[in-house]
Amino acid sequence: TGSSRPQRMLKAVQKNATKGDPQSVISAIDYYCRHKEWAMNVGDEKGLILDSVLTEVNPSMALELGTYCGYSSVRIARLLSPNSKLITVEFNPAFAAIARQIIAYAGLQDKVTIVEGPSADLIPKMKERFGLKSFDFVFLDHWKDRYVPDTKLLEECGLLKKGTVLLADNVICPGAPEYLKYVRNNPRYESRYYKSYLEYTKAEDGLEKSVFLG
Ligand SMILES: CCCNc1ncnc2c1ncn2[C@@H]1O[C@H](/C=C/CNC(=O)c2cc(-c3ccc(F)cc3)cc(O)c2O)[C@@H](O)[C@H]1O
Ligand SMILES: [Mg+2]
């Protein structure tokens, strides 16, 4: 049996990026996925919006739901201040293994903790496992029908505080209509849509930024 798409993505990083240089890892993946083989990374255009929101929030503790190959983990971790951390949740062990290697190639393994398992099981264990009180930033990029249940779970587990920023990928394509309804009609969130394009295509997509008001 041949290689998988994530394995080919890792090979492209090892071939074209410079070890310890996160930007070269990001560029190598974007080049590969734009010119060789599409993959569901947040990508370079929405990635610039992710970068700007991250720079604005400057989180100490960030959470990502849906690591996949670690592209957005690298984008997030490269912008974190010293002593700030990213916890990223991935339930597919094969994807987690590739992500671990891509994050390490970028030299960001000390800032990123990949937790393997389903988000619904792991979110309630976050406080005890990582000794954290709450997250300052959450990037949602896993199954789109899980954005609402996992956001509610984060609220119930007291993992959101006043000012926590949720940033959700794909709210237009593939779409997360229930999530948009949830955060936009909810007095506990202040939401804003950042219009962009589906990664490596001309189709519309965008990110929804929602500030938890406590
Ligand atoms: C129990 C399920 C919920 N909990 C979960 N806990 C932990 N990890 C979870 C996860 N769900 C999914 N994952 C992981 O997240 C990733 C899934 C992401 C889903 N993303 C998409 O479907 C997606 C899809 C597209 C897409 C857009 C257009 C198109 F034609 C085809 C695809 C674009 C994107 O940017 C996407 O993010 C995988 O690595 C999966 O293993
Ligand atoms: Mg996505």
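**Entry 1. Conventions.** I noted that the model is predicted, that local features need pLDDT of at least 70, that side-chain atom pairs count only at pLDDT 80 or more, and that totals for chains, interfaces and linings use all residues. I also noted that residues are numbered from 1 along each chain as its sequence is written, that chains are lettered from A and ligands numbered from 1 in the order in which they are written, and that side-chain values use heavy atoms, with hydrogens and water left out.

**Entry 2. The metal site.** Which residues coordinate the magnesium ion (ligand 2)? I found Asp-141 (OD), Asp-169 (OD) and Asn-170 (OD1), at 2.0 to 2.2 Å. Donors are N, O and S atoms within 2.8 Å of the metal (3.2 Å for Na, K and Ca); water is not among the atoms, so sites may look incomplete. The donor residues follow the spacing D-x27-D-N in sequence. Asp-141 and Asp-169 link distant parts of the chain, 28 residues apart. I located Asp-141 in the loop between β4 (135–140) and α8 (147–156), and Asp-169 in the loop between β5 (160–168) and α9 (171–175). Helices (H or I, at least four residues) and strands (E, at least two) are DSSP runs, numbered from the N terminus.

**Entry 3. Burial of the two aspartates.** Are Asp-141 and Asp-169 buried or exposed? Asp-141 counts as buried because its relative accessibility is 13%, and Asp-169 is buried at 0%. Buried means under 20% relative accessible area, exposed over 50%, and partly exposed in between (1.4 Å probe, protein chains only).

**Entry 4. Ligand 1.** I counted polar contacts as pairs of N or O atoms within 3.5 Å; within protein, one must be able to donate a hydrogen and the other to accept it, and residues adjacent in sequence count only if both atoms are side-chain atoms. An oxygen atom of ligand 1 is 2.5 Å from a side-chain N or O atom of Glu-199. A nitrogen atom of ligand 1 lies 2.9 Å from such an atom of Ser-119. Asp-169, also a magnesium donor, has a polar side-chain atom 3.2 Å from an oxygen atom of ligand 1.
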